[in-house]
Amino acid sequence: MADSPSVVPDFSAAMTSGQTFQLSGRPARHTVLFFYPKDNTPGCTTENMAFRDLHEQFQAAGAEVYGISRDSLRSHESFKTKLGLPFELISDPDEAVCLQFGVMKLKQMYGKTVRGIERSTFVIDATGQLVKEWRGVKVAGHVDEVLEFVARQA
C-alpha cells in the first residue's frame with residue numbers, strides 16, 4: 001500500500017462504448033481502477049458483478065469505476081453486455097497501463113508458470129494522487145472494502 005500519496009502519470013487507453021479513457025480531467029472526486037486477469041473467468045466475473053452491484057453507491061460517494069484487463073475491446077464489449085455492467089472497461093492489450101501500475105506478475109496456473117495480471121485496485125483522487133492501493137486481491141469482500149474507503153474520503 002502507498003504510504004504517502006504520489007502523483008499517477010497521466011495516461012490514455014481505449015475503452016468500451018467507443019470512448020478513450022484519459023486519467024487527467026476526470027470529473028469524479030475519485031477514480032477507481034481495478035485490474036483483473038481475464039474476461040469471462042469465474043473470479044473476474046464475480047469481481048465485475050460486485051462492482052456492478054455497488055455502482056450506484058460508488059457514484060453517490062463521488063467515485064467512478066473502471067475495470068482494466070488485457071482483453072480486446074470486442075471481448076470487453078461482450079463481457080460488459082453479458083453482465084450488464086454500468087461502467088466502462090479499459091482494454092490494455094499491449095500492457096502499457098498494467099506495466100505503469102506494476103500489476104504484471106509471474107503466477108502458477110495448473111502447474112505452469114504464466115505471466116498475468118495480479119488482481120489489484122487503485123484509488124486516485126481528482127488531483128491525480130494515488131490515495132490507496134490493494135494488490136494480490138481476493139475477490140470476496142474486496143469491493144465492499146473499496147467502497148468503504150471511498151465513502152470515508154467523501
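This is a predicted model: local features need pLDDT of at least 70, side-chain atom pairs count only at pLDDT 80 or more; totals for chains, interfaces and linings use all residues.
User: Let's take strands, then. In which sense do S7 and S8 pair?

Analyst: First, the terms: helices (H or I, at least four residues) and strands (E, at least two) are DSSP runs, numbered from the N terminus. Two strands pair if DSSP finds at least two bridges between them. Here S7 (residues 104-109) pairs with S8 (residues 112-117) in the antiparallel sense, over six bridges.

User: Which strands pair with S5, and in what sense?

Analyst: S4 (residues 30-35) pairs with S5 in the parallel sense over six bridges, and S5 pairs with S6 (residues 88-91), also in the parallel sense, over four bridges. Follow Tyr66: this residue of S5 is the bridge partner of Leu33, and Tyr66 also stands opposite Glu88 in S6.

User: How many residues of S5 are buried?

Analyst: Buried means under 20% relative accessible area, exposed over 50%, and partly exposed in between (1.4 Å probe, protein chains only). S5 (residues 63-69) is mostly covered, with six of its seven residues buried.

User: And for a helix, which residues of H3 are buried and which are exposed?

Analyst: The general idea is that an α-helix has 3.6 residues a turn, so residues three or four places apart point the same way. In H3 (residues 73-83), the buried ones are His76, Phe79, Lys80 and Leu83. They share one side of H3, because they cover an arc of only 100° around the axis (the arc is that of the directions from the helix axis to the C-beta atoms). Arg74, Thr81 and Lys82 are exposed on the other side of H3.

User: How do I read aromatic pairs?

Analyst: You describe a pair of aromatic rings by the distance of the centres and the angle of the planes. Rings of Phe, Tyr and Trp (its six-membered ring) pair if their centres lie within 6.5 Å; planes under 30 degrees apart count as stacked, over 60 as edge-to-face and the rest as tilted. This structure holds twelve such pairs. Take Phe11 and Phe101: the ring centres are 5.9 Å apart and the planes are at 85°, so the pair is edge-to-face. Phe11 lies in the loop between S1 (6-7) and S2 (12-15) and Phe101 in H4 (residues 96-101), so the pair ties together parts that are 90 residues apart in sequence. Both Phe11 and Phe101 are buried.

User: Where do Trp134 and Phe149 lie?

Analyst: Trp134 and Phe149 form an edge-to-face pair, 5.9 Å centre to centre with 85° between the planes. Trp134 is in S10 (residues 129-134) and Phe149 in H5 (residues 142-153), so this pair ties together parts that are 15 residues apart in sequence. Trp134 and Phe149 are both buried. There's a cluster too: ring pairs link Phe11, Phe21, Phe35, Tyr66, Phe101 and Phe122.

User: Now pockets. What volume does the largest pocket have, and what lines it?

Analyst: Rolling a probe the size of a water molecule over the atoms shows where empty space is left. On a 1 Å grid over the protein atoms alone, with a 1.4 Å probe, a pocket is an open set of points with protein on both sides within 12 Å along at least five of seven lines; lining residues have an atom within 4 Å of a point. The largest pocket has a volume of about 250 Å³. Its lining has 14 residues, and Pro37, Lys38, Lys107, Met109 and Ile117 lie nearest its centre. H1 (42-53), S7 and S8 each supply at least two lining residues, with S8 giving the most, four.

How values were computed:
Residues are numbered from 1 along each chain as its sequence is written. Side-chain values use heavy atoms; hydrogens and water are left out. Grid points are joined across faces, edges and corners, and a volume is the space filled by probe spheres set on the points.
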